[in-house]
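The sequence and structure are placed here for reference.

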Amino acid sequence: MRSVVVQEPGKLLIEQRSLPVPAANELRVKVAYAGICGSDVHIYHGHNPFAKYPRVIGHEFFGIIDAVGEGVDASRIGQRVSVDPVVSCGHCYPCSVGRPNVCTELQVIGVHRDGGFSDYVCVPQQNAWQIPASISDQHAAMVEPFTIAANITAQLKPTQQDIALVYGAGPMGLTIIQALKNVFAVKQVIVADRIPERLKMAKENGADWVIDNSHQPLAEVFGKEGVLPTLIIDAACHPSILQEAINLASPAARIGILGFSGEPSTITQQSITSKEISIFSSRLNSHRFPMVIEWMEKGLIQPEKLITHCMPLEEVKQAMEIFANDQKTCCKVLLKLD
């Protein structure tokens, strides 16, 4: 079988590997589509501190179960499934309170263990979620990206009366925009980005007001309009954003952070406590696959609005370059494996 392997930072190859055999409580998925994420690019270039090399990358994928290990019901063979990349121990404190995404022994498929950029992959049986016939194969490959939006919104609890500000109109930001507008019916969703083409994508995905903040400070724009965001999500992930978000926020606002930068953010306690702002962080997802599958079944989200490219596995290097460098026309790239 073919597997996309990052042998070491900067060295990516398509290798021929033996067909994996599912262990006890595992099943094997014949992968049909896999999505490229920023973290895949980071592993490729050596910027992910958690990755161990060599590594088969890919944590957003969909396929068909074609084999099962001991302890797995054979009737699952043939099921269409999307795979949750979060592999947790089930008994540590985070797992006991429903947060397996920060398990003390966390393993992420495609980061800590081999992932879905491969013709076949073995995964724990509980990580493979059955996809209804009403959801297409390509949409099924988009379940994991939307779980990022599901996870942060589950903490922030958006309401119809919120005025939301989303920093960043990349793939993460766009999933969040769709969730805020279509799932939670948030009154106003404002999006800030510095790439006009990305702002156009934000409008197409439901944003009410887009702002190019490369030329005009948000504080100035909001001051003129009398806007005080009640909910702010940082999907741009720059260390300077948090303090600006705190300054812009309404009293009693909620702020969600998705960034993974190792650089420090300088913030003042007074600016937080004076307005009693609640700050939440979110990593991966904590059992949000059923929620997103339900969103898709009900037609609340439109994954096709994010898919801009679909390329064969053999063109993975080109696909990675397009995803990393073409921020004007590229949003989500799917690799087609079958």
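Entry 1. I began with Pro54, which I found in the loop between helix H1 (38-44) and strand S4 (55-56). I note that the model is a predicted one.

Tyr53 and Pro54 are joined by a cis peptide bond, with omega about -5°. I recorded this because most peptide bonds are trans.

Entry 2. I found an open sheet of three strands, ordered S2-S1-S4, with antiparallel pairing. Strand S2 (11-16) and S4 are the edge strands, each pairing on one side only.

I next asked how many bridges link strand S1 and S4. Strand S1 (residues 2-8) pairs with S4 over two bridges, in the antiparallel sense. For Val5, I recorded Val56 in S4 as the bridge partner.

Entry 3. I turned to residues with a positive phi. I kept in mind that most residues other than glycine have a negative phi.

Lys157 is not a glycine, yet its phi is positive, at about 50°. I located Lys157 in the loop between helix H4 (143-156) and strand S11 (163-167). Is Lys157 buried or exposed? I noted a relative accessible area of 57% for Lys157, which is therefore exposed, the cut-off being over 50%.

Ala185 also went into this entry, with a positive phi near 55° in a residue other than glycine. I placed Ala185 in the loop between helix H5 (171-183) and strand S12 (188-193). The relative accessible area of Ala185 is 37%, so I listed this residue as partly exposed.

Entry 4. I finished with Ile301, in the loop between helix H10 (289-297) and strand S17 (307-312). Why is Ile301 classed as buried? Ile301 has a relative accessible area of 4% and so counts as buried, since buried means under 20%.

Which residues are in contact with Ile301, leaving aside its neighbours within four places in sequence? I listed Phe146, Gln178, Val183, Val292, Trp295 and Met296.

I also looked up the separation between Ile301 and Asp212. These residues are 89 residues apart along the chain, and their C-alpha atoms are separated by 25 Å.

Entry 5. For review, I set the loop residues side by side. Ile301 is buried, Ala185 is partly exposed, and Lys157 is exposed.

Technical notes
Residues numbered from 1 in each chain as written. Predicted model: local features only at pLDDT ≥ 70, side-chain atom pairs only at ≥ 80, totals over all residues. Heavy atoms only, no water. Helix = DSSP H or I, 4+ residues; strand = E, 2+ residues; numbered from the N terminus. Buried < 20%, exposed > 50% of the residue type's maximum accessible area, 1.4 Å probe, protein only. Contact = heavy atoms within 4.5 Å. Pairing = 2+ DSSP bridges.
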